[in-house]
Amino acid sequence: MRGLKKDYRRLRGGTTRALDGLDLEVEAGGVFGFLGPNGSGKTTTFRCLLGLARPTSGTCRILGADSQRDLHRVVARVGSIVETPALFPTFSGRRNLELLAALHDLPDTRVEEVLESVGLADRARHAVKTYSLGMRQRLALAGALLKDPELLLLDEPANGLDPAGIREVRELLRSLAREGRTVVVSSHILSEVQLMCDRVAIVSRGRLVAQGDVDDLLRRAQGSGVLVRLDDPARGAEVLRAAGMETTESDGALRVAIPPREAAGVARTLAGSGLYPYELRPDEVDLETVFLELTGEQAP
């Protein structure tokens with residue numbers, strides 16, 4: 001997509017801009033994370049890609065086809081979950097999928113295949129209303145997989161899940177990527193994106209602020225210092241500053257602005273004053289740190 005803009009009309013007049021010139025390109029293969037806080041334009045982007053919303057301006061293509069004019073050419077190759085999946089709660093998981101399969105003229109054997117792939121074969125005959133939230137998310141994923149798509153667009157697939165459910169969904173999506181599919185996952189859960197995704201785009205207020213391999217983004221933001229923890233951080237900071245080392249205090253730890261390979265000098269300096277750190281390591285960053293540095297917003 002190039003220069004994608006989307007304005008929504010307000011009930012009392014005026015407009016709200018959900019997308020503000022978004023530029024984004026996703027390469028084939030792997031799990032791609034679309035990261036941003038609630039309200040940053042993630043769901044609107046998916047809706048534009050799937051022809052569910054018309055962009056105000058800009059171009060939007062999916063699998064090479066214009067999402068507004070030519071979606072019919074590629075829709076059979078795309079599976080998606082956007083917002084809350086619609087399921088019949090009194091029907092069994094299998095029956096829900098059979099109805100979806102009938103819409104696409106798919107055989108019942110395909111229903112059994114996707115139930116097995118998402119780990120629901122043993123509960124397929126039970127009513128959806130008896131499913132946990134994690135099981136419902138798995139059923140929604142099974143529905144998205146019915147057409148055996150090469151591209152999956154999943155809007156917050158781990159939303160509302162407990163840690164065990166999040167882990168299950170993560171492992172499932174990684175396995176789908178290993179099969180050669182492209183999985184695009186929108187999320188506001190920074191730590192989960194870091195564990196799940198190969199590449200990531202960070203959006204803020206409808207604009208792209210960074211895109212690349214997760215490891216590359218972390219390396220670019222990698223701190224050049226070391227992290228020190230000891231029983232008396234205030235005294236430790238005083239000693240290190242007196243030795244000419246730039247030192248800051250944060251959350252009970254000291255961050256010393258020296259190359260990690262010189263960490264032994266920090267230990268010697270502290271030991272010379274009778275201070276002994278119980279933790280001394282490179283000051284590593286995570287996606288939360290990257291997000292804050294790039295957007296200046298609170299972490300989602």
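Mentor: R138, L141 and L145 in α4 meet E168, L172, L173 and L176 in α5, where contact means heavy atoms within 4.5 Å. Of the residues in this contact of α4 with α5, 5 are nonpolar, none is polar and 2 are charged; Ala, Val, Leu, Ile, Met, Phe, Trp, Tyr, Cys and Pro count as nonpolar, Asp, Glu, Lys and Arg as charged, and the others, Gly among them, as polar. This is a predicted model, in which local features need pLDDT of at least 70 and side-chain atom pairs count only at pLDDT 80 or more, while totals for chains, interfaces and linings use all residues. Residues are numbered from 1 along each chain as its sequence is written, and side-chain values use heavy atoms, with hydrogens and water left out. Helices (H or I, at least four residues) and strands (E, at least two) are DSSP runs, numbered from the N terminus.

The axes of α4 (residues 133–145) and α5 (residues 163–178) come within 11 Å and cross at roughly 15°; axes are lines fitted to C-alpha atoms, for helices over the stretch in contact, and angles run from 0 to 180 degrees between N-to-C directions. The two helices, α4 and α5, are therefore roughly parallel to each other, the word being used for angles under 35 degrees. Their crossing is right-handed, that is, the near helix is turned clockwise from the far one by less than a right angle.

On the sheet, α1 (residues 42–49) lies across β3, β8 (151–155), β9 and β10, running at about 145° to β8. Helix α4 packs on the sheet as well, touching β7 and β8, and its direction makes about 155° with that of β7.

The open sheet of 6 strands has the order β7-β8-β9-β3-β10-β11, with mixed pairing; two strands pair if DSSP finds at least two bridges between them. At its edges stand β7 (78–81) and β11, each with a single partner strand, so one side of each is left without a neighbour in the sheet. Neighbouring strands of this sheet are turned by 15° against each other on average, direction ignored. Within the sheet, β3 (residues 30–35) and β9 (residues 182–187) pair in the parallel sense over 6 bridges, and F34 has S186 in β9 as its bridge partner.

Note on methods. Angles under 35 degrees count as roughly parallel, over 145 as roughly antiparallel, 65 to 115 as roughly perpendicular and the rest as oblique.
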